[in-house]
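Have the viewer open and follow along.

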Amino acid sequence: MVKKDLSVSSIKQGLSTRFVGQNIIYFPSLSSTMEATRMEARRNAPEGTVIIAGEQTAGRGRLKRTWFSPGGNIALSIILYPDAAGLPYLIMIVSLSAASAIESATGLKTQIKWPNDILIKGKKVAGILIENEVKGGRVAYAIIGIGINVGLRPDKFSAISAIATGLEDEIGETVSREDIIRSLFTEFERLYLNLPDGTLIFKAWRDRLITLGQKVTATWGKETIQGIAESVDESGALMIRLADGSLTKVVAGDVTLREK
Ligand code: BTN
């Protein structure tokens, strides 16, 4: 079945945010919303402007990975102009708001895996990509990319079938993408307006991470380490305790949870 286009007017109906999602630009198909949104940010589009794609033909993930983004899912990017002090909290805000939007639209329980993967029963249902442009210590703009698997049938894609899931597969019925997006914008803006005091946001994110206390393998660049994920700090970095008792700080990378 071919999914109908997203309805921008339905997203806006009842959306009571001040700025997030008040300016939505919709494309039925794009290579990636990240590039189109960057062009808008360079033209000083209003903060909270969102670009949504019906499908992406070259969706991008973290660490130069591909993001599968066929029609029937959510693929969008949001423009922000935060202070530099707010940058570390963006990962936390977007993970918390995506998790909460999915839960309120579907009743499913989500998990957050460091730094910002949203999982359902251990399988990835949403991913977040943040790209900042910083010049001379000032943030020119931040682009928040969010992909949520709604109608995705992971069994149709062998590369992701073992690790990904989709919301409709999980609950066995259709899910309104418009409801999820509206609720995402609302919660995202509520948390974002709490900056620069991000300590409460940090604590809420830390307390929801399924990674802490687990045996993990962390990779970044050519490095790989194994240990226990002990804590996170307020910059969002993960502290891993190695077998020799030393503590390693992982600022950006990928973490796999190992069997206990
Ligand atoms: C990840 O988990 O690796 C991040 C995935 C981010 C996907 C979203 S979909 C909207 C935006 N456009 C992209 O090309 N990527 C992000």
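Contact here means heavy atoms within 4.5 Å. Before we use that, some housekeeping: this is a predicted model, where local features need pLDDT of at least 70 and side-chain atom pairs count only at pLDDT 80 or more, while totals for chains, interfaces and linings use all residues. Residues are numbered from 1 along each chain as its sequence is written, and side-chain values use heavy atoms, with hydrogens and water left out.

Now pick out I78. Setting aside neighbours within four places in sequence, I78 is in contact with V20, T37, G48, T49, V50, A142, I143, I144, I146, F185 and F188. I78 also belongs to the largest nonpolar core, which has 60 residues. A nonpolar core is a set of buried Ala, Val, Leu, Ile, Met, Phe, Trp, Tyr and Cys residues joined through side-chain atoms within 4.5 Å; buried means under 20% relative accessible area, exposed over 50%, and partly exposed in between, with a 1.4 Å probe and protein chains only. I78 is among the residues with the most contacts inside this core, along with L76, I148, L167, F185 and W205. Helix α3 (residues 87-106) is the top contributor, giving eleven residues; helices (H or I, at least four residues) and strands (E, at least two) are DSSP runs, numbered from the N terminus. Domain 1 (8-208) and domain 2 (215-257) both supply residues, so the core lies between them; the domain bounds come from an automatic or database domain assignment.

Next, helix α2 (residues 33-42). Seven of its ten residues are buried, so α2 is largely enclosed by the rest of the structure. The buried ones are T33, M34, A36, T37, R38, E40 and A41, and they pack against β1 (24-30), β2 (50-56), β3 (74-80), β6 (123-135) and β7 (138-148). Just past the helix, N44 takes a positive phi of about 55°.

Six bridges join β2 to β1, and the two run parallel. Y26 sits opposite I52 in β2.

Finally, look at the open sheet of five strands, ordered β11-β10-β9-β8-β12 with antiparallel pairing; two strands pair if DSSP finds at least two bridges between them. Its edge strands, β11 (247-250) and β12 (254-257), each pair on one side only. Four bridges join β10 (residues 238-241) to β11, and L238 has V250 as its bridge partner in β11.
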